[in-house]
Amino acid sequence: MFFFNISDGSGEVHGTDISDRMRVIASSRLKDQLATGRVHIHSYSVDNMGFDDHTFDSVFHCNCYYFWPNMDRAVSELRRVMIPGGLILAIMNMSSLKLLNERDMMVGNTDPDPYMRSLERHGFKDVTLTENYDTNLQKPFQTITATSPMTN
Ligand SMILES: C[S@@+](CC[C@H](N)C(=O)[O-])C[C@H]1O[C@@H](n2cnc3c(N)ncnc32)[C@H](O)[C@@H]1O
């Protein structure tokens, strides 16, 4: 998952993943960006991140929330590290997740509802699930968007 503080054009992007393998892949794909010194990769778990409070104006994650060990702790951390009014964008593909569930290949709960309800419990606004279509891949995908609370 990626955290951004880019609104004034001089910011940075921070990614985090607990998997060594995923960090190797990300570091290879982002080699040029890492070389600029404005992109960083960390090994923090989402529920205990070493970022300062109110650092990021946006958060992006893809195919992630169902692996988080404790949803409320993770969402509380997202709230802590985001500036008030920041944007979360999450992407997933529910039809692929359904197939994995049917084949008993998923460990986490892929239902987006617990994540969305946790965002609301932590004061996030406009928590919305949207159906989308990728015309290049010719596949549907879903997004969850939410705005962090205006109060710290
Ligand atoms: C299905 S993969 C998605 C990876 C990437 N976002 C993508 O779409 O290709 C889920 C990722 O979540 C990471 N993950 C699982 N639990 C995590 C946690 N507690 N904190 C941070 N990342 C975690 C896993 O290591 C894995 O790389």
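Reply: Helices and strands here are DSSP runs, numbered from the N terminus, with helices being H or I over at least four residues and strands being E over at least two. The model is predicted, so that local features need pLDDT of at least 70 and side-chain atom pairs count only at pLDDT 80 or more, while totals for chains, interfaces and linings use all residues. Residues are numbered from 1 along each chain as its sequence is written.

The protein has five helices and seven strands, which follow one another from the N terminus as β-β-α-α-β-β-α-β-α-α-β-β. Its radius of gyration (taken over C-alpha atoms) is 16 Å, close to the 15 Å that the globule rule (2.2 Å times the number of residues to the power 0.38) gives for 152 residues, so the protein is as compact as a globular protein of that length. The C-alpha trace spans about 45 × 40 × 30 Å along its principal axes. Of the contacts (C-beta atoms, placed from the backbone, within 7 Å) between residues at least 6 apart in sequence, 66% join residues at least 24 apart.

A residue counts as buried if 20 or more other C-beta atoms, placed from the backbone, lie within 10 Å of its own, as exposed if 12 or fewer do, and as partly exposed in between. By this criterion, buried residues make up 21% of the 152 residues, and in α3 they are Met71, Ala74, Val75, Glu77, Leu78, Arg79 and Val81. The cover over the buried residues of α3 includes the strands β1 (2–5), β4 (56–62) and β5 (82–92), together with helix α5.

The axes of α3 (residues 71–81) and α5 (residues 112–121), which are lines fitted to C-alpha atoms over the stretch in contact, come within 9 Å and cross at roughly 50° on a scale from 0 to 180 degrees between N-to-C directions. The two helices are therefore oblique to each other, given that angles under 35 degrees count as roughly parallel, over 145 as roughly antiparallel, 65 to 115 as roughly perpendicular and the rest as oblique. The crossing is right-handed, a term for a near helix turned clockwise from the far one by less than a right angle. On the α3 side, Met71, Asp72 and Val75 take part, and they meet Pro114, Tyr115, Ser118 and Leu119 of α5. By class, this contact holds five nonpolar, one polar and one charged residues, where Ala, Val, Leu, Ile, Met, Phe, Trp, Tyr, Cys and Pro count as nonpolar, Asp, Glu, Lys and Arg as charged, and the others, Gly among them, as polar.

Leaving aside residues up to four places away in sequence, Gly123 touches Arg79 and Pro149, and it counts as partly exposed because it has 15 C-beta neighbours inside 10 Å.

Two loop residues elsewhere deserve a check of their backbone: His54, between β3 (39–42) and β4, has a phi near 50°, a positive value in a residue other than glycine, and Gln138, between β6 and β7 (139–147), likewise has a positive phi, near 55°. His54 is partly exposed, with 16 other C-beta atoms within 10 Å, whereas Gln138 is exposed, with 7.

Key
Two residues are in contact if their C-beta atoms, placed from the backbone, lie within 7 Å.
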